[in-house]
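These are my notebook entries on a structure I looked through.

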Amino acid sequence: MKKLVLLLVAGLLAGGISAQQMEELKLYPDNEDATLYVYHPEKEADKMPAILICPGGGYAGLAIDNEGHNMAKWYAEKGLVAAVLKYRLPQGNHTIPLSDAEKGMEILKEHAEAWHVNAECIGVAGSSAGGHLAASLSTLAADENRPAFAVLYYPVISFENMITHGGSKENLLGKDVQNKELVKRYTLQEQVDEKTPPTILLLSDDDTVVPVENSLLYYEALHQHKIPAALYLFPNGGHGWGTQDYFLYKKEAKELIYLWLKHNGIIK
């Protein structure tokens, strides 16, 4: 059962104050946790792009405002239908987050006509462990659920020791944290193939939580497979900046994403 909520988003735009509609949908009728919050642009058009947003939190929690709702409002301002995924935490069941992300993609496609969405232009964004989930969707999901593009903010990519974020790995794999087959499966630079979508990665050189090697390895794999990719490494900012005002390059990061979306024909 979906609930329609009207959100007033303060912000100076060309036309004044923006009013965005947000719909709240449960991913599953028998589960109150898994939810999709869908933000619609103020000015709707035919065949709009859409983006599924996966907040981070080390697979132990969700930074759903900083890396979810606040991001969605910005993407909606730029003309995308932006859906924040409140995915279930795995607690050692590695199948749960990806199954929720695939369900989110299915819902967006099911509602494409009603929401004026181009079903062939639905992308994914993710931050930190949410970036790992977004990259998992890009590389491991069923073909029909793979995104058309990906925006990754300081993502966890590798589950290799000395490179990974230990908490994300342990929370996703649980008792199977030493299972070599699963470690390889979720070491996502190893899973890039010709069906992986064009991707932009944004991170900081002084990130002490998720080593920069994660993004560098993923970019290298994309480049080797001739997948259009961009990587922006800011000199500082640490980890988890998302939409925080303290991040010195907040404006530049948004502009780079916007230009990349335009360059790739995702927004006109």
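Is M162 buried or exposed? I was working from a predicted model, and there M162 counts as exposed because its relative accessibility is 81%. I found M162 in the loop between strand 7 (150–153) and helix 4 (166–173).

Entry on Q91. I noted a positive phi of about 50 degrees at Q91, which is not a glycine either. Q91 lies in the loop that runs between strand 5 (81–86) and helix 2, and with 78% relative accessibility Q91 counts as exposed.

Entry on helix 1. I looked for a bend and found one of about 30 degrees at M71. The buried residues of helix 1 are N66, E67, G68, H69, M71, A72, W74, Y75 and A76. After helix 1 comes G79, and I recorded its positive phi, near 100 degrees.

Entry on cavities. My search of the whole structure gave two cavities of 30 Å³ or more. The largest has a volume of about 110 Å³, and I listed its lining as M71, W74, Y75, Y153, W241, G242, T243, F247, K250, A253, K254 and I257. Two helices, helix 1 (65–77) and helix 7 (250–263), each supply at least two residues of the lining, and helix 7 gives the most, with four. Sorted by class, I have eight nonpolar, two polar and two charged residues around the largest cavity.

For the second largest cavity I noted about 40 Å³ of space, lined by Y59, H94, P97, L98, H132, L133, S136, L172 and Y186. Helix 2 (95–110) and helix 3 (129–139) are the elements that give two or more residues to this lining, and the largest share, three residues, comes from helix 3. This lining divides into six nonpolar and three polar residues, with no charged ones.

Entry on the nonpolar cores. Which members of the largest nonpolar core touch the most other members? In this core of 51 residues they are L52, L85 and Y218. I then followed Y218 and, leaving aside its neighbours within four places in sequence, found contacts with A135, S138, T139, L152, I157, L188, Q189, V192, T196, T199 and L201. There is also a second, separate core of 34 residues, and Y39, I51, A82 and F149 are among its members.

Entry on C54. I placed C54 in strand 4 (residues 48–54), and I noted that C54 counts as buried because its relative accessibility is 0%, where the cut-off is under 20%. Not counting residues up to four places away in sequence, C54 touches E67, L85, Y87, V124, A125, G126, S127, G130 and L133.

Key:
Residues numbered from 1 in each chain as written. Predicted model: local features only at pLDDT ≥ 70, side-chain atom pairs only at ≥ 80, totals over all residues. Heavy atoms only, no water. 1 Å grid on protein atoms, 1.4 Å probe; cavity = no way out; pocket = protein on both sides within 12 Å on 5 of 7 lines; lining within 4 Å. Points joined across faces, edges and corners; volume = space filled by probe spheres on them. Nonpolar A, V, L, I, M, F, W, Y, C, P; charged D, E, K, R; others polar. Bend = angle between axes of the 7 residues up to and from the residue. Buried < 20%, exposed > 50% of the residue type's maximum accessible area, 1.4 Å probe, protein only. Core = buried A, V, L, I, M, F, W, Y, C linked by side-chain atoms within 4.5 Å. Contact = heavy atoms within 4.5 Å.
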